[in-house]
Amino acid sequence: MRKILIFMNLCALLCFTGCHSKKEEKEEEYNFLVTSPMKKDTLVNRSYVCQIRAIQHIELRALERGYLQNIYVDEGKSVKKGQMMFQIMPLLYKAEVQKAEAEAKFAEIEYKNTKQLADSNVVSPNELALAKAKYDKAKAEMSLAQVHLGFTEIKAPFDGIMDRFQVRLGSLVEEGDLLTTLSDNSEMWVYFNVPEAEYLTYKATQKKDSLMKVNLQMANNEMFPYAGTVKTIEADFNNETGNIAFRATFPNPKGLLRHGETGNVIATAPLKNALIIPQKATFEVLEKKYVFVVDKDHVIRQREITIAAEMPDLYVISSGLTESDKIMLEGIRKVRNEEKIGEYKFEDMKTVLPRLKVYVE
């Protein structure tokens, strides 16, 4: 009797285990969610590494030799057009101006006296012309001396921001020595390189007289609050990289951007009949992207894909898939390549899109 009870309990346990296993297997069969790529017209954001330049960025150099007598500004400060910035010791040039003025005055008096004599026919017209030439020469030398004196005063050619000083007060500067640089940051020129294929697409879709609008992602990953406009494309492609440089102009009313910064230009481009899949349907092996494709016999096969563009939650595929392929969306961590799975649930991409969340298994 005892053996019979043990046998019955063992049978019950085996039956329960078998039923439980079948139940788990049945539940697992429905853990696989499958969808298909979808073709649609869409907009994608393309990112390009960029260099930010001031609309005017110049070097200020000494025009005359001498000691730096005064500095009227400070590094990093804003200056106005015409504001005095540096003064090179002007004593020698002031003396030259005074000498030139005296010589011009003497030549003027000589010319006037000669003219009176010429009017009375005392001297010949040639003597009057010679006196006039001497007077004109003296005036020219006086103007030249005044110009040299003006070179001792370095004034701001436009509104801008001062950079670091390359000299200090009292330094002996030679003609042509760099004093500092000045940047006009009211507008910024942002340069970025565009591949040839994207350039051709842009030119093909560009409307007449329309300008391409772009945005700027700064180095801290924040978006610059003002949009820019692409106004210039360079003439030639770089044969080594296959790129051509675009230049976008950004307003900079608050002076946030400075010359020499870097960032990323974000441009929105239209895509016709783009083949899109969820990002969560992909996985990565050795820096290559793959998906699991389910064939008609329920066998899953690993397939490499090429990403043409990235959008929130989605990838645009350039090769590796067709619209009729079935790809595994959920459960890709539970299977292996060339494995046969049981029943699965298929959902159209239109119903999948609203509940997508970005993650890659």
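# Exercises: pairs and places in a predicted model

The side chains of Arg303 and Asp325 meet in a salt bridge, 2.9 Å from N to O; the term asks for a side-chain nitrogen of Lys or Arg within 4 Å of a carboxyl oxygen of Asp or Glu. Before we go on: this is a predicted model, where local features need pLDDT of at least 70, side-chain atom pairs count only at pLDDT 80 or more, and totals for chains, interfaces and linings use all residues. Residues are numbered from 1 along each chain as its sequence is written, and side-chain values use heavy atoms, with hydrogens and water left out.

**Exercise 1.** Work out which parts of the chain Arg303 and Asp325 tie together, and what else Asp325 touches.

*Solution.* Start with the places. Arg303 lies in strand S16 (residues 300-311) and Asp325 in the loop between S17 and S18, so their pair ties together parts 22 residues apart in sequence. Strands here are DSSP runs (E, at least two residues), numbered from the N terminus.

Next, check the cover. Asp325 counts as buried at 14% relative accessibility, while Arg303, at 31%, counts as partly exposed. The cut-offs are under 20% relative accessible area for buried, over 50% for exposed, and partly exposed in between, using a 1.4 Å probe and protein chains only.

Now look around Asp325. A polar atom of its side chain lies 2.9 Å from the backbone nitrogen of Thr322. Not counting residues up to four places away in sequence, Asp325 touches Thr35, Ser36, Pro37, Val293, Arg303 and Gly320; contact means heavy atoms within 4.5 Å.

**Exercise 2.** Take the salt bridges of Arg65 with Glu174 and Lys280 with Glu330, and find where each partner sits.

*Solution.* In the pair of Arg65 and Glu174, the closest N and O atoms are 3.0 Å apart. Arg65 is in the loop between strand S2 (38-61) and strand S3 (66-71), and Glu174 is in the loop between S8 and S9, 109 residues apart. Arg65 is partly exposed at 47%, and Glu174 is partly exposed at 34%.

On to Lys280 and Glu330, whose closest N and O atoms are 3.4 Å apart. Lys280 lies in the loop between strand S13 (262-278) and strand S14 (283-285) and Glu330 in strand S18, so this pair ties together parts 50 residues apart in sequence. Lys280 counts as buried at 9%, whereas Glu330 is partly exposed at 30%.

**Exercise 3.** How are the rings of Phe86 and Phe165 arranged?

*Solution.* The structure holds 11 aromatic pairs. In this one, the ring centres are 5.6 Å apart and the planes stand at 75°, so Phe86 and Phe165 are edge-to-face. The rule pairs rings of Phe, Tyr and Trp (its six-membered ring) if their centres lie within 6.5 Å; planes under 30 degrees apart are stacked, over 60 edge-to-face, and the rest tilted.

Then locate them: Phe86 is in strand S5 (residues 84-88) and Phe165 in the loop between strand S7 (160-162) and S8, 79 residues apart. Both Phe86 and Phe165 are buried.

**Exercise 4.** Is Ser183 buried or exposed, and which residues does Ser183 contact?

*Solution.* First, find Ser183 in strand S9 (residues 178-195). At 8% relative accessibility, Ser183 counts as buried. Leaving aside neighbours within four places in sequence, its contacts include Ala54, Gln56, Phe158 and His259.

Key
Helix = DSSP H or I, 4+ residues; strand = E, 2+ residues; numbered from the N terminus. Polar contact = N/O pair within 3.5 Å; in protein donor to acceptor, adjacent residues only side chain to side chain.
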